[in-house]
Amino acid sequence: MFARSLNKIFNQKPQKLTVCQLGNPVLREIAEPIADVRDRDIQQLIDQMLIALKENKGVGLAAPQIGRSLQLVIIASHANERYPHAPQMEPTAMINPKLISHSVETEKGWEGCLSVPMIRGLVPRYCEIEVAYTDRLGDRQQIKLTDFVARIFQHEYDHLEGKVFLDRVETNLDLVSELEYQNILQTADQKAVLL
Ligand code: NI
């Protein structure tokens, strides 16, 4: 909030960010916890990540992806051409998130990653999870997440532990190119229409 008002006063636009790609060592580091959410630098980082997500049409982003090895993720599920069936939610910054509990049940679903361009994979994830995190105002929150939003959280949480979705696929046969993924999506839609 403080950083936001400062930006207003000086009429500064947050700097544009580039997303680190697979092979960049920062993606394999264990992210550090954030000591003070209200820190100006952290608030600015959250603003920058929100912009980067929008520009890249992502549904989630973790701080290590933009070169900052800190425990901060943004979950921002919304339908777009990259994820046409995603549910709508307000973009939520989660600081020092923890996975508290999860369902026994898992489900395989398609994932992509701004740090792994042009590749999609079928990744098994828990269907229901309970998570705790500090919000950008500094309050600790605890919520339940299901299905696609639970999937986004698990994907972003992995980034804080130096993992990417490629590490989670059961077999390399579950990896496809973006082009083939678009073909698969279209075929799936046609099936749905026929049924
Ligand atoms: Ni990712």
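This is a short tour of a predicted model, stop by stop, for you to follow in your viewer.

Residues are numbered from 1 along each chain as its sequence is written. Because the model is predicted, local features need pLDDT of at least 70 and side-chain atom pairs count only at pLDDT 80 or more, while totals for chains, interfaces and linings use all residues; side-chain values use heavy atoms, with hydrogens and water left out.

**Stop 1: the sheet**

Select β4, β5 and β8. These 3 strands make an open sheet, in the order β4-β5-β8, with antiparallel pairing. Strands here are DSSP runs of E with at least two residues, helices are runs of H or I with at least four, and both are numbered from the N terminus. Two strands pair if DSSP finds at least two bridges between them. At the edges are β4 and β8 (175-177), each pairing on one side only. On average, neighbouring strands are turned by 25° against each other, direction ignored.

Now look at β5 (residues 116-126), which pairs with β8 over 3 bridges in the antiparallel sense. Select Arg120 and you will find Val176 of β8 opposite.

Next, show α3. This helix packs on the sheet, touching β4 and β5 (contact means heavy atoms within 4.5 Å). The direction of α3 makes about 60° with that of β4; axes are lines fitted to C-alpha atoms, for helices over the stretch in contact, and angles run from 0 to 180 degrees between N-to-C directions.

**Stop 2: the aromatic pairs**

There are 2 aromatic pairs to visit. Rings of Phe, Tyr and Trp (its six-membered ring) pair if their centres lie within 6.5 Å; planes under 30 degrees apart count as stacked, over 60 as edge-to-face and the rest as tilted. Select Trp110 and Tyr181: their ring centres are 5.6 Å apart and their planes stand at 65°, so this pair is edge-to-face. Trp110 sits in β4 (residues 106-113) and Tyr181 in helix α4 (residues 178-194), 71 residues apart.

For the other pair, select Phe153 and Tyr157, which are stacked at 5.4 Å centre to centre with 20° between the planes. Both belong to α3 (residues 147-160), 4 residues apart, or about one turn of the helix.

**Stop 3: Ser69**

Finally, go to Ser69, in the loop between β1 (60-62) and β2 (72-75). Its side chain is joined to that of Glu29 by a polar contact of 3.3 Å. Such a contact is a pair of N or O atoms within 3.5 Å; within protein, one must be able to donate a hydrogen and the other to accept it, and residues adjacent in sequence count only if both atoms are side-chain atoms.
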